[in-house]
Amino acid sequence: MSTKYDPKARFDIEVRETEYRRTTKGRSLMARIYQPKGHGPFPVLLDLHGGAWNNKNRAANQTMDRAVAASGVIVVAIDLTLAAEAPYPASVQDANYGVRWLRWKAPL
């Protein structure tokens with residue numbers, strides 16, 4: 001039985017981190033997962049932080065990510081390769097990989 005999303009719902013959340021890939025220079029790119037506690041399945045939102053590819057990381061939007069997760073959405077915020085590490089489109093490729101990684105992990 002599927003649970004219908006209700007933006008007014010309030011869930012406790014669990015936050016955990018995992019590596020989702022490594023850059024060509026060996027830096028770990030991490031994913032921070034904000035998981036509502038309760039019976040799912042829950043919809044998923046991939047958070048790609050701002051920073052114009054020059055700064056910030058998966059924690060940049062944590063206030064928003066926590067609020068969205070508390071409403072019943074799994075939020076996955078990922079690190080991206082920064083411009084100083086590799087030229088465009090490295091960070092866009094990370095975003096694409098993040099989507100594929102989520103699809104691979106979804107059944108878990």
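Which residues does Arg-58 touch, not counting residues up to four places away in sequence? The contacts of Arg-58 are Glu-17, Met-30, Ala-31, Arg-32, His-49, Asp-65, Ala-77, Ile-78 and Asp-79, where contact means heavy atoms within 4.5 Å.

The structure is a predicted model, in which local features need pLDDT of at least 70 and side-chain atom pairs count only at pLDDT 80 or more, while totals for chains, interfaces and linings use all residues. Residues are numbered from 1 along each chain as its sequence is written, and side-chain values use heavy atoms, with hydrogens and water left out. The predictor's confidence in each residue is given as pLDDT, from 0 to 100. For the protein its mean is 87, and 93% of the residues reach 70 or more. Helices (H or I, at least four residues) and strands (E, at least two) are DSSP runs, numbered from the N terminus. Confidence is highest in helix H1 (residues 62-70), at a mean of 96, and lowest in helix H2 (residues 90-105), at 90. Where pLDDT is low, the predicted coordinates should not be read in detail.

Arg-58 itself lies in the loop between strand S3 (44-48) and H1. Its relative accessibility is 16%, so Arg-58 counts as buried; the term means under 20% relative accessible area, with exposed over 50% and partly exposed in between (1.4 Å probe, protein chains only). The side chain of Arg-58 makes a polar contact of 3.0 Å with that of Glu-17 and another of 2.6 Å with that of Asp-79. A polar contact is a pair of N or O atoms within 3.5 Å; within protein, one must be able to donate a hydrogen and the other to accept it, and residues adjacent in sequence count only if both atoms are side-chain atoms.

Two of the residues touched by Arg-58 are Arg-32 and His-49. Arg-32 is found in strand S2, and it is buried, with a relative accessible area of 15%. The side chain of Arg-32 makes a polar contact of 3.5 Å with the side chain of Gln-62. Leaving aside neighbours within four places in sequence, Arg-32 is in contact with several residues, including Val-15, Glu-17, Ala-59 and Val-76. The C-alpha atoms of Arg-32 and Val-76 are separated by 5.7 Å, although these residues are 44 places apart along the chain. His-49 is located in the loop between S3 and H1 and is buried, its relative accessible area being 6%. Among the residues that His-49 touches, not counting those up to four places away in sequence, are Asn-55, Asn-61, Ile-78, Asp-79 and Leu-82.

The account now turns to the nonpolar interior. A nonpolar core is a set of buried Ala, Val, Leu, Ile, Met, Phe, Trp, Tyr and Cys residues joined through side-chain atoms within 4.5 Å. The largest such core has eleven residues: Tyr-20, Leu-29, Ala-31, Ile-33, Phe-42, Ile-74, Val-76, Ile-78, Leu-80, Trp-101 and Leu-102. Strand S2 (28-36), strand S4 (74-78) and H2 are the elements that give two or more residues to this core. A second, separate core has five residues, including Tyr-34, Val-73, Val-75 and Ala-77. Within the largest core, Trp-101 is in contact with Thr-18, Tyr-20, Ala-31, Ile-33 and Val-76, leaving aside its neighbours within four places in sequence.

A pair of aromatic rings is described by the distance of the centres and the angle of the planes. Rings of Phe, Tyr and Trp (its six-membered ring) pair if their centres lie within 6.5 Å; planes under 30 degrees apart count as stacked, over 60 as edge-to-face and the rest as tilted. The structure holds three aromatic pairs. One of them joins Tyr-20 and Tyr-97, tilted, at 6.1 Å centre to centre and 35° between the planes. This pair links distant parts of the chain, with Tyr-20 in strand S1 (residues 13-22) and Tyr-97 in helix H2, 77 residues apart. Tyr-20 counts as buried because its relative accessibility is 4%, whereas Tyr-97, at 28%, is partly exposed. The rings of Tyr-20 and Trp-101 have centres 5.9 Å apart and planes at 55°, so this pair is tilted. Tyr-20 in S1 and Trp-101 in H2 are 81 residues apart, and both are buried.

A charge sits over a ring if NZ of Lys or CZ of Arg is within 6 Å of the ring centre and within 35 degrees of the ring normal. Arg-21 lies over the face of Tyr-97, at 5.0 Å from the ring centre, and Lys-105 lies over the face of Trp-104, at 4.2 Å.

Two peptide bonds complete the description. Most peptide bonds are trans. The bond from Gly-40 to Pro-41 is cis, with omega near 5°, and Pro-41 lies in the loop between S2 and S3. A cis peptide bond also joins Tyr-88 and Pro-89, with omega about 15°; Pro-89 lies in the loop between S4 and H2.
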